[in-house]
Amino acid sequence: MERVDVLVVGGGIAGLTVASALQGKGDVLLLEEKAYLGGLAVELSCKATDRCLRCGVCRATEVVRKGRIGVESITGESPRAVVREKRGFRITTDRRELAARLIVLATGAVPFPVEEFPQYLWGRRERIFTGFELERRLKDSNLEEFAAFRSLAFVQCVGSRNARKRLGYCSQVCCRYALRLAANLRFRFPEITIDVYSMDLQVLGDGQEALRDAALSVFRYRSLPFALEEDADGVTVFVEVDGKATGRRYDAVVLSVGLVASPGTQRMAELFHLPQREGGFIVPHLWDGVFACGTATGPKDITSTIFEAEKLSKELQAFLGR
Amino acid sequence: MQVALFGSDRSLPLWVTEELERMAFSFEVVTPEKTKALLPSSFVVVLGSALLTEDEVAELALRLGVNPLRVAVFPYEEVRDLPEEKCRTLWQGFLRSLVPPKIDVAAFRVTPTRRVLLYPEGDERLCEAFARARIPVVSFPSFVLSRKGVDFHVMPHDIPVGACVLIPSLQEEPPVVLPREVLDTGRVVALERLPQVLGLSSLRKMCVVLLVPSPHPYPEDWERIFALASLPPQGAQVLVLAEEVFVAREGFEEAFRRAREAGVLFEKLPLSRVSLSPSLDMRRVVVTYTPEKDPFPVRCEAHWLVPVSRKTCVLPPFDKVLLSDREVVLELPENPNLLPFATNIPGVFVAWGDVEDLVVTVSRYLEEGSIQEEGRVRVDAERCALCLTCLRSCPTGAIELSGDLKRCIAVNEALCARCGICAGLCPAKAITFEVVHRVLGNHRL
């Protein structure tokens, strides 16, 4: 059985930041369920136009690159059973047994599964993208079809700020990535006109100036559509204007999906008996050696995730020194 | 010769090991946790990505305790997906290019003095946060900073400080230009004073109108606005006119909902649709606005009008403070590789945003320190004019054209004999033999 001081569960940027900050302060081991380190952030793309929009993806890439050479990790395994002992935990993973004094849960979040909004997916799904799909296309520079599009709509708050679906929180990232994507698309394809359907735009944090410019370059409607229907040559957005249902035609629609807790986070909450908030995010007990950071505790952008992880690693250093 | 392979990948393909054996290298695989027992003459080959920076390689050399010039990076992550034949040739070529360097470079870690200069004086919260992190702070009314090694020295007093934190001042501007007559009513109050004003007023129901500019991302102000719902019931009818309501923070969506349920009205509209005038008796403010959704103007009489100010940060004049051998202009982070508090000068931070985050950033900078390498050759890219005097004079052929965007020469330190001829002949004095500091982390441009 392997003994470590700190076991970090989850190899996203939060877990990697904690593990790299604790290098040399104690034995740290990182467990990642997938085959590679990096989590959600490595799937995102830099959204710079001729200026930097400060999306923070390059900082995430740097954290991941440092973590890959500096952190001892086991990939492809996750905790299956936990036994509390007098001084720590005994954890059974898929292939081995570990003993750890402290545990950091950094199991992260996933994009909201858009299938839970069937009213947004009438018809074929070739011209309706989620924000994360668009990010992935941007990263692979697979945007040829967008050159033919003349009009584009962004629908905000898909899966956030929705008390009826028990998701009554703001996901904090979607307005900003939508505006950055809109700015990037307008920079690549200047002829495209972009409409944004939103409640309010949450423009805050890093790069506000650039985002404000982006918000001025799009047309904003203050209402959310109640349905989207796709056919052969476009998407109809059904929206209520002055109490009447109206259909507006667009070449493509981007759904700005929010963040919900990842299946791993949900499983860890059950395993460690941690209380959960709306969206499945966990609330850690601070007293019994289980800590949590990153998007496992609530939706966050890259910069604040890194800061939270650094603050947590400061706390853990104090624990390890004892 | 001995080669230590460093990489996170534990199962190496055959072409790596076969070629090593064929070229009569003995090798071992080093993993991040196993960092001891390397022979001083061994090479470390990092099987990493081509994107590894020089600083990261230097950090690795320090951790493994070897001469930084004996660490080489093979872009394994980019190469391994190629066909095997191609990989083999690339790897062969790479192994042949490993030349034992003639110089020993001593590398060790230096950390700045654990003391922070605040300019101008910091407020209580900032000083408290630094005290909790056990970082002493100093501040002076007038001084000049000069850099010595990793530290700054505060000049007339000659006190070493590790970092300098610039504290911007907040400049408030109202969301709309208030007409003179409206100001004359005396019914305009600041948001901070509103609970006191309402507490003093009689039991009569008051109407309070708040004007919030867009965007207004100041969580403290929004906390106050959402808390207006918890005023005593006879207190006030509150109407908030804002283009966007800020909810992107933990618990704010919930607070927003509670405020609406408690009777605070939120009207989302651009403030250009709002017009203000005093009432006839000059004791109230008449607010007229047209909502976004319907065309009829709404008129209400406000007992109190609260313009919530937009704040802009103004930096203290820093360019007159920093003393160095050449002009350094303070730039704010346009480059995202910098942390949100960092500037282009390593060790100078700007205190905006969350205080705790700032203290974490500064203490991380002070603890990580930088790697000091003695014996490196340094080429000043700004001074190098590419006259190639050095290239012609070098006896060992160690001068190379680096070919990057900055266009300056580079010195291949594996070949350099440290004779000093180039440094003496360089007309621009661009080549120096000196101590090089590599600031770790993201604290540099």
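**Close-up views of a predicted two-chain model**

**View 1. Pairing of β8(A) with β15(A).** Strand β15 (residues 252-257) of chain A runs parallel to β8(A), and three bridges join the two. Two strands pair if DSSP finds at least two bridges between them. Strands (E, at least two residues) and helices (H or I, at least four) are DSSP runs, numbered from the N terminus. Thr130(A) has Leu255(A) of β15(A) as its bridge partner. This is a predicted model: local features need pLDDT of at least 70, side-chain atom pairs count only at pLDDT 80 or more, and totals for chains, interfaces and linings use all residues. Residues are numbered from 1 along each chain as its sequence is written, while chains are lettered from A and ligands numbered from 1 in the order in which they are written.

**View 2. The five-stranded sheet of chain A.** The sheet is open, with parallel pairing and the strand order β8-β15-β9-β10-β11. Its edge strands, β8 (128-130) and β11 (219-221) of chain A, each pair on one side only. On average, neighbouring strands are turned by 25° against each other, direction ignored. Axes are lines fitted to C-alpha atoms, for helices over the stretch in contact, and angles run from 0 to 180 degrees between N-to-C directions.

**View 3. Helices α3(A) and α4(A) on the sheet.** Helix α3 (residues 131-139) of chain A lies across β8 and β15 of chain A. It runs at about 110° to β15(A). Helix α4 (residues 174-188) of chain A lies across β9 (151-158), β10 (193-197) and β15 of chain A. Helix α4(A) runs at about 170° to β9(A).

**View 4. The two domains of chain A.** Domain 1 spans 2-110 + 260-321, and domain 2 spans 113-257. These bounds come from an automatic or database domain assignment. The C-alpha centres of the two domains of chain A lie 30 Å apart. In this chain, 18 residues of domain 1 are in contact with 22 residues of domain 2. Contact requires C-beta atoms, placed from the backbone, to lie within 7 Å. The domain 1 side divides into five nonpolar, five polar and eight charged residues. Ala, Val, Leu, Ile, Met, Phe, Trp, Tyr, Cys and Pro count as nonpolar, Asp, Glu, Lys and Arg as charged, and the others, Gly among them, as polar.

**View 5. Chain B against chain A.** Here 32 residues of chain B are in contact with 32 residues of chain A. On the chain B side, β3 (43-48), α2 (54-64), α9 (252-261) and α10 each supply at least two residues. Helix α10(B) gives the most, with four residues. By class, this side of chain B has 14 nonpolar, six polar and 12 charged residues.

**View 6. Helix α5(B) packed on α10(B).** The axes of α5 (residues 124-132) and α10 (residues 355-368) of chain B come within 10 Å and cross at roughly 40°. Helices α5(B) and α10(B) are therefore oblique to each other. Angles under 35 degrees count as roughly parallel, over 145 as roughly antiparallel, 65 to 115 as roughly perpendicular and the rest as oblique. Arg125(B), Leu126(B), Ala129(B) and Phe130(B) of α5(B) make the contact with Val355(B), Glu356(B) and Val359(B) of α10(B). Five of these residues are nonpolar, none polar and two charged.

Conventions. Contact = placed C-beta atoms within 7 Å.
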